[in-house]
Amino acid sequence: MTLRERIVNALLRLYPATWRMEYGTELAELLRRRPLDAGVIWDVFWNGLRARILVQLPAAVIGLGMTGVVIAAYMTGARILEPTDITLPSLVVAQTNPRSALYVLVLVSCGVWTRLRRGGSIGRSARAAALVTFIADFPVLVVGLATVSAGVVAAPLLALPYSAVWGAVGGQVGSWIASALQRFARVARPPRTSGTHPGSDNAPTTAPTTHETR
Amino acid sequence: MARKPKGGPASDPELLILASLASGAKHGYAIMTDIEAFAGVKLGPGTLYTAITRLVDRKLIAPQSSAGRQRPYRLTGQGAALLAEQLREMRRVATVGLTRLKPA
């Protein structure tokens with residue numbers, strides 16, 4: 001494999017898998033047919049990153065918000081979230097009591113938002129919540145790596161399964177909300193007066209429970 | 001989210017792609033070279049495919065089946081209508097602006 005092919009493959013990997021399946025071959029072909037200068041690399045890099053963030057929108061937004069909270073809390077000494085080992089263990093590793101109901105609420109909300117916005121399985125909500133914690137803890141992870149502190153590095157990683165569980169809870173709550181909304185839409189729909197096939201009220205609704213906002 | 005075109009109203013990637021496809025179906029590379037020829041705008045490959053993705057999602061253009069590595073895209077009826085509307089609006093603004101620029 002040539003260096004050029006390696007660069008093209010690396011750039012394509014920035015895009016979400018679903019996008020690559022649809023457009024990856026075409027973009028790769030286009031990149032093979034033109035000079036691969038810095039401007040082109042930056043253009044593909046930036047658009048790939050944007051596509052990746054848009055796909056992970058709920059988790060990315062909440063995660064970056066939480067990163068801000070973590071940094072602000074560290075800089076000001078404020079105990080905004082009272083982090084614990086269940087929530088943000090990187091800040092307070094030794095504590096065992098789950099005091100941070102607020103952060104759990106954030107993870108559950110992320111699960112709900114992911115389920116309502118993107119649909120899919122509960123596993124997707126769980127992964128989104130884990131991603132939130134990973135993004136939020138990223139600065140701590142960097143500090144841990146820089147200071148070669150195994151405890152500081154391990155703590156954010158160990159928090160991922162806990163976060164996924166809360167995300168899954170949120171995903172389940174999101175499913176219930178989606179079902180309730182669907183039922184409400186069915187009840188609120190005005191009755192058909194003409195051209196209605198008998199028994200058509202029992203037909204499955206086509207109203208979407210999730211939507212993509214661009 | 002609406003993006004402000006860097007090179008004026010006629011450099012919006014989506015508008016340029018629609019205008020390029022108005023003359024017939026083209027694949028990505030052909031769209032890029034066509035836009036460079038008629039508008040003098042160099043679209044990056046990432047920008048091009050981001051705009052193509054958005055246009056396909058909005059059903060303004062549609063991919064055609066192809067055996068090759070590059071699929072051609074064609075303008076849909078909805079896309080043609082939107083392009084016509086946007087171009088008419090641009091012409092109206094341009095006419096007003098040019099008229100006002102004329103010396104009294």
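A:Thr114 is buried, its relative accessible area being 1%; here buried means under 20% relative accessible area, exposed over 50%, and partly exposed in between, with a 1.4 Å probe and protein chains only. The model is a predicted one, in which local features need pLDDT of at least 70 and side-chain atom pairs count only at pLDDT 80 or more, while totals for chains, interfaces and linings use all residues. Residues are numbered from 1 along each chain as its sequence is written, chains are lettered from A in the order in which they are written, and side-chain values use heavy atoms, with hydrogens and water left out.

Helices (H or I, at least four residues) and strands (E, at least two) are DSSP runs, numbered from the N terminus. Setting aside its neighbours within four places in sequence, A:Thr114 is in contact with A:Pro58, A:Gly119, A:Arg124, A:Ser125 and A:Ala128, where contact means heavy atoms within 4.5 Å.

A second residue of chain A brings in another helix. A:Trp166 belongs to helix α7, residues 150-188, and is partly exposed, with a relative accessible area of 30%. Between the C-alpha atoms of A:Trp166 and A:Ser125 there are 8.9 Å, although the two residues are 41 apart along the chain.

Chain A as a whole has 7 helices and 0 strands. Of its 214 residues, 38% count as buried. Among the contacts in chain A that link residues at least 6 apart in sequence, 65% join residues at least 24 apart. The accessible surface of this chain comes to about 12200 Å², and 67% of that belongs to carbon and sulfur atoms; such areas come from the Shrake-Rupley method with a 1.4 Å probe, and for residues only the protein chains shown count as cover.

Where do the two chains meet? On one side 19 residues of chain A are in contact with 23 residues of chain B. Together the chains bury about 1900 Å², 52% of it on carbon and sulfur atoms, buried area being the accessible area (1.4 Å probe) that two parts lose on being put together, summed over both. Between chain A and chain B there are 2 salt bridges, each a side-chain nitrogen of Lys or Arg within 4 Å of a carboxyl oxygen of Asp or Glu. B:Arg71 forms a salt bridge with A:Glu22, and their closest N and O atoms are 3.1 Å apart. On the side of chain A that touches chain B, α2 (17-32) and α3 (38-55) of chain A each supply at least two residues. The most comes from α2(A), with 10 residues. This side of chain A divides into 8 nonpolar, 2 polar and 9 charged residues; Ala, Val, Leu, Ile, Met, Phe, Trp, Tyr, Cys and Pro count as nonpolar, Asp, Glu, Lys and Arg as charged, and the others, Gly among them, as polar.

In chain B, B:Lys59 has a positive phi of about 60° although it is not a glycine. B:Lys59 lies in the loop between α3 (45-57) and β1 (61-63) of chain B, and at 56% relative accessibility B:Lys59 counts as exposed.
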